[in-house]
Amino acid sequence: MEKSKKLHYAWLVMIALIAMQGGFVGIHINCNGILFSAIIKDMGYRAGDMSLYYTIRAFSQAFAVGFTSKLFFSGKIKPKMFVATMAAFGSAPYLLMPMFNRLWQFYIVAVLAGIGFSSVLVIIPVIISNWFKKSAGTAMGLSMAASGVAGAVFGPVVSGFVNANGWRFAAFMIGAVSLVLIVVPVMLFLYVSPEEKGMVPYGYEETAETARTGSEPAAKDYQMPPSIFALAIVAIICGLIMSQFMNQIPTFATSIGYTLTVGATISSISMIGNVGGKLLMGSLADKLGIFKACSMGLVVICTSMVLFIVGAKNIAIIYCASLLFGLVYSFGTTVPPLVLLEVYGPDKYKNFLSKFQAINGIVMAFASSIFGYIYDFTGAYTLDFVFGIVVLAISFVTYNMLNKITKRIKAEQDAI
């Protein structure tokens with residue numbers, strides 16, 4: 001196999017992964033709120049009843065992720081056809097919504113949406129780790145940031161569709177555009193590993209050993225006790241749970257005396273932090289290691305919680321806090337695969353990543369309502385931020401414990 005001096009094919013694969021993240025998450029997930037607000041207003045549904053769609057989708061995702069991830073990597077179905085099929089599952093609810101006139105119909109298609117989305121956050125990291133020998137963290141951040149960019153770009157478009165032609169037309173366009181956005185680049189560029197193209201990963205460097213054997217020595221996997229996975233789950237989920245506060249930001253703004261327009265601005269600034277944070281965390285992971293990057297990121301998010309509490313009367317401080325807060329999204333997308341990859345190695349981590357996504361889906365299905373109930377019972381969001389500081393502190397401590405313990409176990413296994 002020869003190394004090409006031209007643009008490495010890994011970056012064409014990245015185009016397909018960016019399209020997947022942008023279509024599945026940026027459009028299907030991030031633009032749902034705009035569409036559903038219009039549906040609630042037009043159909044007269046209660047917001048709580050409509051929000052059950054998200055809960056059903058989350059449970060469907062959690063229960064399907066193990067099966068769909070295993071199917072993708074089994075080789076029983078061509079990867080391109082698999083992703084196209086999942087895109088059809090994810091887009092079908094929106095293509096069907098224009099015909100709906102009953103609430104239960106939305107609940108049924110939520111199952112399809114969950115199945116379609118289920119394995120995306122497993123497939124993308126694994127393909128990146130296959131194609132990128134170096135800059136894997138940066139590549140991870142770049143691909144995951146696509147959801148924030150797609151949501152920011154397509155959100156106003158969906159709003160325009162709703163205002164000009166109604167929510168039924170907007171729903172159809174969400175389904176059609178996302179389907180094309182995902183399927184076309186995937187069919188053109190997606191390959192699971194460089195071996196399928198007779199290539200080596202980006203950043204591959206030939207050594208005397210690889211010249212002799214014709215292949216690069218496989219990166220080592222590690223056998224970890226079950227307690228390590230439990231520790232990783234606590235660290236990761238405590239670090240990302242505040243991402244569920246995003247749905248409360250407009251209400252938070254009005255609760256401290258600002259308008260909904262200001263609330264929308266705070267949300268938009270958080271999205272900027274979302275995109276920048278994913279790129280930053282990926283870059284820091286490459287340069288400093290994922291555990292040091294996590295420690296720094298958690299301090300930044302915790303700072304945003306403090307600023308939200310003390311700066312309620314100063315809009316400039318609130319805007320600053322919202323920008324820093326956007327970093328929390330990287331802890332739900334960029335961080336989990338990099339942490340599990342560091343802990344278990346390039347082969348074993350795939351199974352643990354799918355298990356994490358299943359557990360995370362169930363936890364987040366319940367967590368999305370925590371912050372609203374705290375506000376309902378207390379009349380303010382201060383306790384939400386105090387809760388955030390506490391869970392972020394738990395995450396900080398647990399990540400450092402995980403780092404120390406896994407280093408010791410790895411050293412013991414390397415010495416054998």
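I take buried to mean under 20% relative accessible area, exposed over 50%, and partly exposed in between (1.4 Å probe, protein chains only). The model is predicted: local features need pLDDT of at least 70, side-chain atom pairs count only at pLDDT 80 or more, and totals for chains, interfaces and linings use all residues. Residues are numbered from 1 along each chain as its sequence is written, and side-chain values use heavy atoms, with hydrogens and water left out.

Entry 1, aromatic pairs. I searched the whole structure and found 29 aromatic pairs. Rings of Phe, Tyr and Trp (its six-membered ring) pair if their centres lie within 6.5 Å; planes under 30 degrees apart count as stacked, over 60 as edge-to-face and the rest as tilted. I looked up W11 and F132: the ring centres are 4.9 Å apart and the planes stand at 75°, so this pair is edge-to-face. W11 belongs to helix α1 (residues 10-29), while F132 lies in the loop between α6 (120-131) and α7 (136-165), 121 residues apart. Helices (H or I, at least four residues) are DSSP runs, numbered from the N terminus. F132 has a relative accessible area of 3% and is therefore buried; W11, at 27%, is partly exposed.

I noted one cluster formed by F36, Y45, Y53, Y54, F100, F106 and W167.

I located S147 in helix α7. Its relative accessibility is 1%, so S147 counts as buried. I recorded contacts (heavy atoms within 4.5 Å) of S147 with Q21, G22, V25, G26, N30 and K278, leaving out residues up to four places away in sequence.

Methods
Helices (H or I, at least four residues) and strands (E, at least two) are DSSP runs, numbered from the N terminus.
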